[in-house]
Amino acid sequence: MTLNLCRNARLLIVAAVSAAAVATATTVYVIACGGPIYDLVTVNVVHPAEVERFEKGDVGVVRPRLARRYLAQAYRSFSGRPPLVVAAPPKSTPATNRPDPFEEWIGARDRVLGTTRSADEAFASLVQFRYVGNDYQAIWNCPDDAFTTAVKTLAARQARFGEGSAELRDWTRAQAVVFSNCPGPPARSNPQPGGPEPLFVPEPVPSGVDALIRADRAYQTAAAYFYGLQYEEAARRFREIAADATSPWRSYGQYLAARATIRMATVNATNDAERDRLFGTAQDELKRVLADASAAALHESARGLIDFIEARLRIVERLHRVSDVLATGTSATEQDFADYRWMMDRLIGDTIDYDYVNVRRRDEVIANDELNDWVLAVQGQGTAAAERAIARWRATRTPVWLVAALWRAYPQSPAAAEIVDAARTIDRSSPAYSTVAFLRVRLLTALGRRDEARALLATLPNGPEPGFQAETINLLKAERFLLADNLGELLTQATRSTVFEQPAELRELPGSPTVRTGKPYSQPVFDADAGALFSRRMPLDRLVEAAVSPTLPDRLRVRVAMAAFTRAVLLRRDEAGLRVAAILRQLAPPMAADLDRYTKAANADNRHFAALLLLMRTPGLHADVRGADDENTIDDEEPMRAFNHVGGNWWCAFEEPTFNNSWQGVPEVINLLYPTKQVAYPAFITAAERATTEQELKALGTAGAARSYLAAEVLLWARARPKDPDVPEALALIVEGWRWNASCFGESDNWQLAQRAFQTLHARYPDSVWAQRTKYWYK
Amino acid sequence: MRQWVLVGVLASLALQSPAQAIRSNAPAGSLPRLILWAWERPEDLRGIGADTGVAFLAQTITVAGERLSISRRKQPLRVSPETSLVAVTRIEVDPLRPLSLKPDQLPGLVSVVASTARLPRVRGVQVDFDATTSERPFYRNLLRDLRAAINRDLPLSITALASWCEGDDWLGGLPIDEAVPMLFRMGPVDEPFRRLARLGNWNAALCRGSLGLSLDERFDLPSNSRRLYVFNPVPWNDTALADARRQVMR
């Protein structure tokens, strides 16, 4: 058994506390935990669980809330195109061995000048980034390339003028001045208070010096203005360099003038018109760079900057071009995906949950652009998205639009039946097959054509195979669970496999696929659907039946058995309690002695007291069944026999579970398969059983949260059987349990029960070891 | 000679507890009662008025073993000139490469955090670091040197895990003006900490003057004249601001 000490995703250290009702010194337990808690996920949200397979065309069930880059890949797959080859970044020295350009520069500079690095140069990023403007945002003012170029130039000048030469020292000193503009005032020690930001410009060279030295200084001076945020002057000087046929920097002049002009547009421009004018100027300059064969080394970068400008001047046009690459090209770059994401985020919002009708410039975005049209129809919410998807499917009758129509069709839609029937035509070899099959089951279920849905499910795989990744199998199992015809089926389909593990807070971040524990989680797990169904959609007798059945693996079976036993005690249903006690005894040996006492009790009252003592001694006994696991609960194999100081003791009130108001969002399996976000009764649960379930839940609700119920019952027990030798222990555990079961939101705070337990313990059993151990009571 | 005396005094101060070394002249009381956290996303808060401050994420420092990387804020924050600003530095530690900085790296790190104090109109500095127990000595030293590095009139605050406010009081003696109890994303331990927060009598005195809440979680704690820091997981708008203001009135 494992105690779950850490249960906090955002805050890395947690401690359990409770307000002591006494004024004396309070013992406070502080339990430090490191790192976030990883949720074990059976169906991921933004990223497919197996990204590599997905990007090779094995897309599994494609879902609307996947990030748009994955939807683009899926669109290709469903359109019959081969997976997009994503060009690998240029090969370079492995990161661990590659010298850091900034460090190289500092080393070279200090070697030439005999200087040592200052505290302001402690970190490269401190020097390279500079806050600009009045918006508290930083730009990468001096990128790595600047230092790389400086180091190379230093080496060239050393070769030309000699290692100890005055020319080399002068060049290096001037370059150091140039780079002193990089960080800007906030990162420098003792900045000038107020006033304009200082600019550091190298000294001019005297007349008559070598032409190379003169050209270098002109370039360094222009660069100083650039890093000093004086972009207009920098651009002017770079243009002069471009016009100087003798300068070795000539081919850079035009390009850097364009970059300075782009900075003027992004940093200095005060209105859109000015910004657009400056972008236009920069774009013209970049086109001249492309026309200059001597600047060939800069052409790729110039093209990238032109695209950058296009995305800002004519976002929709640029979006269409990138979209075309992603939809129909044979290869793309990571930059294409980044651009697509940036532009779609600008137009739609950085979200996967949005209303179709609220997308800015939607008509322009989708005009003659089937990828965008499809992405918005699949992902956007509302009837307008459904209408668009269905209209496009009717017009094209293609698998890609069939998928969109299936996602968006709702039972009342006149086209629903037509779409679900059309879905039968998709061949099993199609990349869209698993998506279409999943959606066909979903829509058939919504249309009430349950038998057809089950028949289709019966033809689909039960385990992973090409086209059916583990995540897809989990989704199919969730459908089978939803459509189960009997308890055996339900139990078989309740278990899933972990396909991903991730802190809930990081689930939607772009880079999050890499945030994993790296541990194998091979044990079967429940998801939220199973937890909710066992907890709220089954009468006690069915829970007992589920616990008795050997279908579930022991780790999950014990969860069901715990809930069944606890409910049996609360509902005073001894026959149910006795049945499940035998199972619990087998699954949780540490409880055996207490369970034997319960089983062998001479009468109902004795059995109830035995049950109360068992509950008191086993805070891990819950009345509900936990659904999804995390990296801690996955190791729980039997109920805790000691109070967990950070929560998880006993149970709270029996309210209808809701997923909508959770900051973690609705679990994806609920989101995809339960339109009301509530788990429904299984079909095999009869009307009478449903009524029984409701009655039981009402009765359990009346009992309230665990600590109040147990306190009241133990006080009654103490009054009825004051000589029972276990009463002092029970009273003491009430006091302790009151402290550690404080996490139930909304529980009426009847702390007088704890006070009464404390007073009874000390008044009637003052010499007991339990009274001596229980020095305080807690509100 | 005078310089050597000064060095000696400083050295002796360094051996004392942080609280004895440097104290602020300007307690956090000089800041508004409502402060909005503005995290790494574009925020336009020009209309919030002078009675509301903004604690903005100025930079994130990531520590991986002995390596540090600094990511300055890359998203615009627009505020009006009268808005009080608190520059927040978030410190994160790579879970796979525990913090193992050398003492000689501390001055550089301090200067990075202190640099945010020199951003325009910044009236407070805040550090957001969920330090584990083993990281506390490092954090304590960082705060000690940071206090010495920034203007003594500038309030220095930290975000505090709720457990720090009620636990072993390691906050005691820190040279800070305020520790903001972060009362969100707490999972099952939510309720006991909220009860303590409601009472406001945390063990750690530094926690008693403020509350840190999030708009997407239960927002039901009375501020009781405490300063309220409010986090919003999505960009701020008028509705969210109104919700935050209502909370301050409770």
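What is the phi of G704(A), the residue that follows α30(A), positive or negative? It is positive, near 80 degrees. Keep in mind that everything shown in these views comes from a predicted model.

**View 1. The two chains at a glance.** Let's start with chain A, which has 34 helices and eight strands. Of its 779 residues, 48% count as buried. If you take the contacts in chain A between residues at least 6 apart in sequence, 65% of them join residues at least 24 apart. Chain B comes with seven helices and 11 strands. Of the 250 residues in chain B, 48% count as buried. For contacts in chain B with a separation of 6 or more, residues 24 or more positions apart account for 69%.

**View 2. Helix α30 of chain A has a buried face.** This helix takes in residues 687-703 of chain A, 17 residues in total. From first C-alpha to last, α30(A) reaches 25 Å, close to the 24 Å expected at 1.5 Å a residue. Which of its residues are buried? They are T693(A), E696(A), L700(A) and A703(A). Looking down the axis of α30(A), you find these buried residues within an arc of 75 degrees, so they line one face of the helix.

**View 3. Helices α19 and α21 of chain A, side by side.** Here are α19 (residues 433-446) and α21 (residues 470-482) of chain A, whose axes come within 11 Å and cross at roughly 15 degrees. That angle makes α19(A) roughly parallel to α21(A). The crossing of α19(A) past α21(A) is left-handed. Which residues of α19(A) take part in the meeting? They are S434(A), F438(A), V441(A), R442(A) and T445(A). From α21(A), the partners are T472(A), L475(A), L476(A), E479(A) and L482(A).

**View 4. Helices α12 and α13 of chain A, packed at an angle.** Two packed helices are described by the angle between their axes and the distance between the axes. For α12 (residues 315-328) and α13 (residues 334-348) of chain A, the angle is about 140 degrees and the axes are 10 Å apart. These two helices, α12(A) and α13(A), are therefore oblique to each other. As α12(A) passes α13(A), the crossing is left-handed. On the α12(A) side, the residues that meet α13(A) include I315(A), L319(A), V322(A) and L326(A). Their counterparts in α13(A) include D336(A), Y340(A), M343(A) and L347(A).

View 5. In α7 (residues 211-227) of chain A you'll find Y227(A). Is Y227(A) buried or exposed? With 21 C-beta neighbours inside 10 Å, Y227(A) counts as buried. Setting aside neighbours within four places in sequence, Y227(A) is in contact with N141(A), C142(A), V178(A), N181(A) and C182(A). P183(A) is 44 residues away from Y227(A) along the chain, yet their C-alpha atoms are separated by 8.6 Å. Move on to α8 (residues 231-243) of chain A: its 13 residues should span 18 Å at 1.5 Å a residue, and its end C-alpha atoms are 18 Å apart, which agrees. Buried residues of α8(A) include Y231(A), A234(A), F238(A) and I241(A), and what covers the buried residues includes α7 and α9 of chain A. As for α9 (residues 250-268) of chain A, its 19 residues reach 26 Å from first C-alpha to last, close to the 27 Å expected. In α9(A), 14 of the 19 residues are buried, so this helix is largely enclosed by the rest of the structure.

**View 6. T60 in a strand of chain B.** T60(B) has its place in β3 (residues 52-64) of chain B. It counts as partly exposed, with 17 C-beta neighbours inside 10 Å. Not counting residues up to four places away in sequence, T60(B) touches S71(B), R90(B) and E92(B). D128(B) is 68 residues from T60(B) in sequence and 9.2 Å from it in space, C-alpha to C-alpha.

Technical notes
Residues are numbered from 1 along each chain as its sequence is written. Chains are lettered from A and ligands numbered from 1 in the order in which they are written. This is a predicted model: local features need pLDDT of at least 70, side-chain atom pairs count only at pLDDT 80 or more; totals for chains, interfaces and linings use all residues. Helices (H or I, at least four residues) and strands (E, at least two) are DSSP runs, numbered from the N terminus. The expected span of a helix is 1.5 Å times one less than its number of residues. A residue is buried if 20 or more other C-beta atoms lie within 10 Å of its own, exposed if 12 or fewer, and partly exposed in between; C-beta atoms are placed from the backbone. The arc is that of the directions from the helix axis to the C-beta atoms. Two residues are in contact if their C-beta atoms, placed from the backbone, lie within 7 Å. Axes are lines fitted to C-alpha atoms, for helices over the stretch in contact, and angles run from 0 to 180 degrees between N-to-C directions. Angles under 35 degrees count as roughly parallel, over 145 as roughly antiparallel, 65 to 115 as roughly perpendicular and the rest as oblique. A crossing is left-handed if the near helix is turned anticlockwise from the far one by less than a right angle, and right-handed if clockwise.
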